[in-house]
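Subject: Model handover, with notes on pockets and interface

Hello,

Here is the model we talked about. My notes follow it.

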Amino acid sequence: MVTESDIEHIAELADIGISRDEVPEFTRQFNAILEYFEVLDTVEGERAPADGITNVFREDEPRPCLPQEAVLANAGSTENGFIKTPRVM
Amino acid sequence: MAGTLDFSPDDRCNAFITTCREAPFSDGALAGVAVAVKDNISTAGIRTTCASRILEGYVPPYDAHVIELLRKEGAAIVGKTNMDEFGMGSTTETSAFGPTRNPVDPTRVPGGSSGGSAAALAAGLVPMALGTDTGGSIRCPAAFCGVVGLKPTYGRVSRYGLIAYANSLEQIGPMARTVEDVSRLMSVIAKYDPRDSTMLDRPYDHRPSADIAGLRVGVPEEYFGEGVDPRVAETVRDAIGVLEELGASTVPVSIPGMRYALAAYYVICTGEASSNLARFDGVRYGPAVDIRKSWHDAYQEIRQANFGAEVRRRVMLGTFALSAGYAGRYYAKALGARQKIRQDFERALRDADVIAGPTMPTVAFRLGEKTDPLSLYLADILTAPANLAGIPAISVPCGRVDGLPVGFQLMGRQFEDERVVDAAYAYEQEVRA
């Protein structure tokens with residue numbers, strides 16, 4: 001069971017934004033879905049490592065990339081070739 | 001041959017988000033063929049929205065690998081098709097651009113999330129389209145609209161330039177009105193691309209064959225059980241009968257892991273979505289974030305205003321399922337379930353060459369019929385297992401119930417896309433004759 005305050009906490013963790021009047025409905029829907037997820041408790045044993053699968057690595061070498069103007073073209077706010085963001089601190 | 005294709009469709013079903021009135025094309029295997037592209041696949045110079053307000057105004061600076069290949073083979077990219085926002089749905093009703101209607105019956109949904117691509121095909125607006133399939137998003141709308149759609153083996157088509165939702169599950173795939181055209185489009189898009197590190201160099205270059213004598217068709221009881229409309233089940237059993245008449249044999253198989261397939265699927269896809277969709281913050285693209293505010297306030301405000309409810313629900317579910325204290329109970333268990341399901345299919349595909357069943361448990365829903373998220377999730381029960389197992393799966397039309405199309409699903413071994421295409425082709429040729 002999750003409570004309404006759990007839902008508000010999860011929204012905060014996910015930086016997703018939730019309005020007060022959405023909270024009761026999200027809580028009800030979450031609990032219905034989590035109840036359905038309980039079937040996973042019946043999965044037995046630990047997952048074994050997959051056979052025959054290896055990571056694909058490459059050398060960290062410079063490759064062709066987009067020109068700076070193309071990268072900045074979709075940004076809402078730029079300055080001197082950089083993207084401006086809200087303050088983090 | 002090279003030129004410009006004039007494209008001004010009568011799009012009364014709202015299949016397209018964007019149309020290109022003058023679509024350039026060149027020489028090649030698809031010279032001058034109009035191809036519609038789902039709007040979560042990046043197209044340089046053509047806006048790409050994922051049917052979300054969070055990407056309003058975004059014009060990709062580069063092409064997805066599949067788009068490069070289409071252009072190279074001469075195809076005319078005529079537009080970007082409607083979809084559930086970020087691919088999260090089975091009805092195309094969660095689009096910020098309004099729902100798509102099913103051309104077969106405009107009071108019904110086209111299925112989703114590639115509903116615009118399927119509707120554009122069913123309405124005769126284009127002969128070929130690209131969709132993407134994370135848990136059934138190509139096969140569901142193909143079934144509901146009466147067209148053909150293939151979810152390729154995981155790793156056979158590059159995901160470079162696909163705006164990611166759930167990386168370990170999703171594939172771009174071909175959709176068309178005939179199996180032959182699906183196969184033609186697959187031959188163009190399934191070529192190796194080192195920019196997708198989950199890809200293997202196994203190109204698809206195949207001309208379908210209707211000779212299926214000796215093919216062993218596995219029939220899993222779980223695909224005909226509770227929750228499946230008995231009339232849909234009957235229609236699909238008749239389709240299996242057609243394969244038998246063509247020289248195939250049937251063998252009973254079982255996928256016991258089906259009982260937790262959907263729970264595993266939704267834990268994994270929402271978990272992956274929660275990290276993938278963190279990139280939509282109004283900084284590098286989309287509506288500009290208010291940079292005078294503090295980071296979290298600005299970020300929450302723009303995401304609440306521009307993501308729809310289902311996207312926010314899934315991001316929150318995934319955040320929860322991966323959070324400290326719950327990851328062991330949900331995510332780790334889901335990965336275990338996924339492995340068991342993959343093993344179930346491996347076992348079944350030792351006794352059978354392909355596995356057959358319905359694509360969807362019902363025919364197309366009415367617009368607005370499904371409002372509860374869980375009841376919508378349950379509709380993916382027959383499609384999501386193939387994504388968990390990474391195997392190829394095709395949906396081909398096999399008749400109607402209440403005047404609405406039913407999809408016949410054929411699944412196969414990893415990298416045996418050719419075999420499911422052949423089985424679907426044999427069926428289609430026989431019933432069209």
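The largest pocket has a volume of about 1200 Å³. Pockets and cavities come from a 1 Å grid over the protein atoms alone: a cavity is a set of points where a 1.4 Å probe fits but cannot get out, while a pocket is an open set with protein on both sides within 12 Å along at least five of seven lines. Lining residues have an atom within 4 Å of a point. Points are joined across faces, edges and corners, and volume is the space filled by probe spheres set on them.

Keep in mind that this is a predicted model: local features need pLDDT of at least 70, side-chain atom pairs count only at pLDDT 80 or more, and totals for chains, interfaces and linings use all residues. Residues are numbered from 1 along each chain as its sequence is written, chains are lettered from A and ligands numbered from 1 in the order in which they are written, and side-chain values use heavy atoms, with hydrogens and water left out.

The largest pocket is lined by 31 residues. Closest to its centre are A:Ala50, A:Ile53, B:Tyr154, B:Arg342 and B:Gln414. Two elements give two or more residues to this lining: α9 and α11 (384–389) of chain B. Helices are DSSP runs (H or I, at least four residues), numbered from the N terminus. α9(B) gives the most, with 7 residues. By class, the lining has 14 nonpolar, 11 polar and 6 charged residues. Here Ala, Val, Leu, Ile, Met, Phe, Trp, Tyr, Cys and Pro count as nonpolar, Asp, Glu, Lys and Arg as charged, and the others, Gly among them, as polar.

The second largest pocket has a volume of about 550 Å³. Its lining holds 22 residues, with B:Tyr58, B:Tyr62, B:Ile163, B:Arg279 and B:Tyr285 nearest the centre.

**Cavities**

There are 3 cavities of 30 Å³ or more.

**Interface**

Chain B puts 54 residues in contact with 44 residues of chain A (heavy atoms within 4.5 Å). The area buried between the two chains is about 4500 Å², and carbon and sulfur atoms give 66% of that. Buried area is the accessible area (1.4 Å probe) lost when the two parts are put together, summed over both. On the chain B side, B:Ile291, B:Gln300 and B:Met316 lose the most area, together 15% of what that side buries.

**Salt bridges**

The structure holds 27 salt bridges over all chains (a side-chain nitrogen of Lys or Arg within 4 Å of a carboxyl oxygen of Asp or Glu). Across the interface of chain B and chain A there are 2. A:Glu22 pairs with B:Arg312, with the closest N and O atoms 2.4 Å apart. A:Asp41 pairs with B:Arg329, and there the closest N and O atoms are 3.2 Å apart. A:Asp41 lies in the loop between α2 (23–37) and α3 (68–72) of chain A and B:Arg329 in helix α9 of chain B, so this pair joins two chains.

Best wishes
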